[in-house]
Amino acid sequence: MNGNLVFMNRSKPYEVMLYHSREGYLKAVLGGEPMGRVKLVRCFPYSLPDRLISVRTADTGKELLLLPSLDQLEEESRIAAVMELEREYTIPRIERIVSIRKKGPEWIWSVETDYGPSMLHMSILHEGIHSLADGRWIVTDDDGRRFELSNLDRMDQRSRDQWEKIG
Amino acid sequence: MAYGKAGRGGGRRKAVEPTDGERTGGDGAAAALRQRLADGWLRLGADINEARQFQRYELVFTDREAAVIDEQGRLQRRFPKGTIDEIELREGVAGGALVLLTRDGMREAARFTLPHLEAYRIAMPRIAAWLEEPLPVPGGAAPQPPAPGSDAAGASPSAPSGREPHAAPQAGAPQKLPPRVRRGAAQAAAPRGAAVSAEPQGAAEPSRACRVCGKRLWHRRTKCLRCSNKYLMVRRILAYAQPHRRLMIASGVLLLFSIAFELIPTYLMKLLIDNFTEGGSRSALLWLIVAMAAVHLIGTGVSMARSFIGLRFGGRLMGDIRKHAFDAILKLSMSYFDRRQVSQFISRVQNDTEELKQFLTEGFIQFLSQVLLAVGVLGLLFYLNAPLTWMILIPVPFLALGFLWIWPRIRILWYSQWMSVMNVNNVIGESLQGIRVIKAFAQERREKQRFAQANDTLVKRMISMGNLWMSVSPLFSLVIAAFGLLVWYAGGKSVLGGGMTLGSLTAYASYLVMFFGPLQAFGASLNMINRVMGSAERIFELMDAKSDTPDRPDAVQLESAQGEIRFDGVRYGYDKSRAVLKDLNLTIRPGEMIGLVGPSGAGKSTLINLVCRFYDPDAGSITLDGIDLRDIAQESLRARIGVVLQETFLFDGTIAQNIAYGRKDASPESIIEAARTAGAHGFICGLPEGYETQVGERGHRLSGGEKQRIAIARAVLLDPEILILDEATASVDTETERAIQEALARLVKGRTTIAIAHRLSTLRGADRLIVLEQGRIAETGTHDELYRSKGTYWRLVESQKQMTESEVG
C-alpha cells in the first residue's frame, strides 16, 4: 500500500483488521495486505478520543490510515483498538473533586478518577491548568501526571463548589 | 525499548500467581522467597494496577524472578526469570508499562504514570543484562547482581510514591544497549530553540496641532493637555457609573444615612452630660443609652450595606472600563504601536482602570461624605455656639490656600512617579522579551544596571512624594490643635460664666474634631483625585487616540475577491520626510504569484503592509478588484488575505486552536486536512497529545519549521483569495525549507500571491519577479528574463551564488 491513505467519508466498515499478536503487539491488515506492527495515535486525545485515529507503522511512524471513528471497525478490531488506546494513553479522567486545599505554598487536590482516588500536588496552580476548549481542562501536577477535567456541570455540587474556588 | 534473552534454558515455569503460603509467608519456600525479595537488586515503583486503578506497588527483581509487591509488602504476582523471553518498556502518553513476553504471551509487569517512567528508562539496560544472565544453580554461589551504583535505577529502591524525586538519568556517556534491543516508535522531541528577531522601527511622529487651542501637541501626545478640562474629565469618569446608577443612588442614600448616624451620637452625648450636670432623671439616662446603642447598631448595618453595594458596583465598573480600554487598543492602527513600548499598555489597562474604579467606588463617595459631614457639622457648630464657630473658621481660608499651593506640586509628583513606574515596567518587559539576546551577549550586568537606575529613580520619586506629605500634614495638625485649644479656652470661659452648658462644650469640642477631620482628609482626597486624574488622562488618551487607518462609515463589506491588486502612484514612508515606497505602479493579476526581490530597505515588507492596510499610502491608491482599500471594511479585507510571516506567533492554546485561529467553527476533519496540506499532520501526530498539544508561551516548544507549517495550515484553513508570504522559509534549514516549499506550492495554486524571500531560489516558481530598489520598481520579469538582462536581479543572484560557494567551500 503506497502513500498515505485517507478515508474521511466512508460509511461502510473499513476493510481493516486490527488484532493483537501473541506478543501483545497490535497488528493491522489493510485491504487484505498485512501491514505488520502498527501504532494508534489519537489526533484529538481529549475531545475526540474515539474519533480521528491515525493508524501508523510502529517502526517508521508513517500514516497508513486515518480512521474517522472506531465505530466503523468490525467489532473484534474495535475491541483491539480500544484496548491498545487504553494502554497507550494514561490520562485519568477526574470524576469528582473531593477537595482543593492550599497548604503552605502548595495546592492539594483530592480527586476521584476513573483510575480511582488520587491526590494532586501543585506548586503553581495557574501553570498546571490548561484549557483545551470550553469546559475542558488538562490538569498537570508537580510530578507531571496529567488528568482530564471535563463535564463539570455533570459533577456533584461539592465538585463544582471546589472548582468555583479556583476556576 | 525491548530486551530479549540470548539463550533459553530449559525447565521454565510460566508466570505464576503466588500461593497462599507465598502471600502470607507461611512455609519454608515462602520464607526463602521473602528473603530473596528483601534482597532484590532492583525495586521499581508503579502506580496503576491490572484493573487500571491507582494503586502503589513495587516491581522487585531478584536473581530468580521479577515480583510485584503491594504497599503492605505482600506478594501479588511473580514472574520466574526462566519464563521470560523478552522485556519491553512501552512508553505511551503520560505513562507507560513494563511488558514481559512469556511463553503464554504478553504480561504487564507494571503500569505507571509519567513520574515513574524515567526510572524504568534508566533501569532497562540493567534489566536486559539480568535477563541474559543464567539462572543460579541450586546450591551454587548466587550470581552477582548487575553492578549496583552504576546507575540510579539499580542503586536505590524506587519511589513508592509519585511524589518522590525521579531517578536522575546518568550523566555523561550514553548507556550501551544489548544487541537485541528494539526501540519503540515513540520518539521524544528534542527541545528546540526559536530564533529571535527584532525589526528596527524608526518611525517618526507626525506633528499635530490641538483642535481647540491650535497649539502644537506635546511630544507623543494625541490629546492636548492644556485644554483638558478637569470638570469634563470627572463627568466622563462618572459617565461610567451611569449604567449602574441604581446602585450608585442606593449607595448615596445610604451615605446620607451614615453621615446622620455619625452626627447623632455626639449630640446624644451632650444630652447625657447635661443630664448628669443638671440633675436629670434615671429614666432619661436609660433612654439616652438605649438611643445611643440603637444609633450605633443601625449605623453599622447601613455601613455594611454600603460596603456590599460598593463591591458590586466597583466590580462592574472595573469590568466596563477595562473592556473599553482593551477595545480601544485593538482598534488602533499598527503605526500607533510602532511608536510605543507595548508593555505600558498592560499597566494602563490594569492599574489605571483600578485607580478609576477606586475613585468611583470609594474615593468619590468618601469625598462626598467628607463634604456633607463638614457641612452638617458646621451647621451643628453654629447651632451650639455661633460666635465661637465664626472664630474657628479663621484658619479655613489658610488651609484652602495651603491646598491650592500643594495641588499642582502633587500632580507633578504623581505624574513623575507614574512615569517611573512605567519605566520600571518597560525595563522588565523589554528584558524578558529579549532574554535570549541578553544572555547570548552576556549583558546581564548591563541590564541589571539599567533596572537599578530605573528603580532608583522610582524610589527617589516616591520619597519626594512622601516628603511633601510628611512636611505638610503635621502643619495642618498643628493648626487644628491650636484652634482646639482656643475652643477649650473660650468655651471654658463661657461655661464658667454660665453662657454654655458643659455638655454643649464637650459636644462642641467633639464636633470640632469631626469638622477638622474631613478638612484634613481633603488632603488625602486631593492626593487621590490627582492620581485618578492622571489615570483617567492616560485611559482617555488611549480611548481617544485616532486610528491612522479608520474604516469609513460606508465601507464596503467584501464577501469575496477575484484578487487583482493595483498600485497606482503609491508613495509611503513611516517617517514622512523619508519615503520608503516612491511612486509605485504595479498590477498583480488574479491568481498570479509575484516574487518581491530587492536589497534590505527596498520597501518589500512595506508593500505587503500596505496591501494588508496596516498603513494607508501617503499618496496614490491601492485597489483590490478596482475598489480602493480605504473603502473596504478592514475586517472583511483581511478575511480575504492569508499571511505567513517569518516569525510565526502561536497563541497559548492547542495546535488545533492555533490552526483554526481564523475560523473558529472549523471542524476537526478540516483542521487535519489543512495540516496535511501544510505538511504538518505527520509531526503533529508524533506529539503525544496530537492536535491537542499545548503550544504558545506556556506550552510545547516547536521548531521554527514546525511553527511555520502550523502558520501555513492556518492560512490553508482560511482559504484566502490573496496570500502573502513574508520570508516564510527564512528561519528554517534547507531540508525543512523543502518541505515547506512543497506545502506552499500546494497553497498558492489559484491564489494571488505576493512572496518575499531572501533566498532567491525559492522564488523560481513565481509567475513574475518584481525587483525593488530604493522604493521603486527596478526590474520586472521571470527569473530567466531577469537573469539574462544582467541587471540588479542578476547581481543579487550572483552574489548569493558566491556566498553559498564560499560557505560550502
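Helix 18 of chain B passes helix 20 of chain B in a right-handed crossing; a crossing is right-handed if the near helix is turned clockwise from the far one by less than a right angle, and left-handed if anticlockwise. This is a predicted model, in which local features need pLDDT of at least 70 and side-chain atom pairs count only at pLDDT 80 or more, while totals for chains, interfaces and linings use all residues. Residues are numbered from 1 along each chain as its sequence is written, chains are lettered from A and ligands numbered from 1 in the order in which they are written, and side-chain values use heavy atoms, with hydrogens and water left out.

Two packed helices are described by the angle between their axes and the distance between the axes. Helix 18 (residues 668–677) and helix 20 (residues 704–718), both of chain B, pack at an angle of about 125 degrees, and their axes lie 8 Å apart. That makes helix 18 of chain B oblique to helix 20 of chain B, since angles under 35 degrees count as roughly parallel, over 145 as roughly antiparallel, 65 to 115 as roughly perpendicular and the rest as oblique. The axes are lines fitted to C-alpha atoms, for helices over the stretch in contact, and angles run from 0 to 180 degrees between N-to-C directions. Helices (H or I, at least four residues) and strands (E, at least two) are DSSP runs, numbered from the N terminus.

Salt bridges come next. Over all chains, the structure holds 37 of them, each being a side-chain nitrogen of Lys or Arg within 4 Å of a carboxyl oxygen of Asp or Glu. In one of them, B:Glu65 pairs with B:Arg78, with the closest N and O atoms 2.6 Å apart. This pair links distant parts of the chain, with B:Glu65 in strand 4 (residues 65–70) and B:Arg78 in strand 5 (residues 75–80) of chain B, 13 residues apart. Both B:Glu65 and B:Arg78 are buried (under 20% relative accessible area, with exposed meaning over 50% and partly exposed in between; 1.4 Å probe, protein chains only).

A salt bridge also joins the side chains of A:Arg93 and A:Glu95 (3.9 Å, N to O). Here A:Arg93 is partly exposed, at 36% relative accessible area, and A:Glu95 is partly exposed too, at 42%. B:Glu592, which meets B:Arg589 at 3.0 Å, N to O, is buried, with a relative accessible area of 3%.
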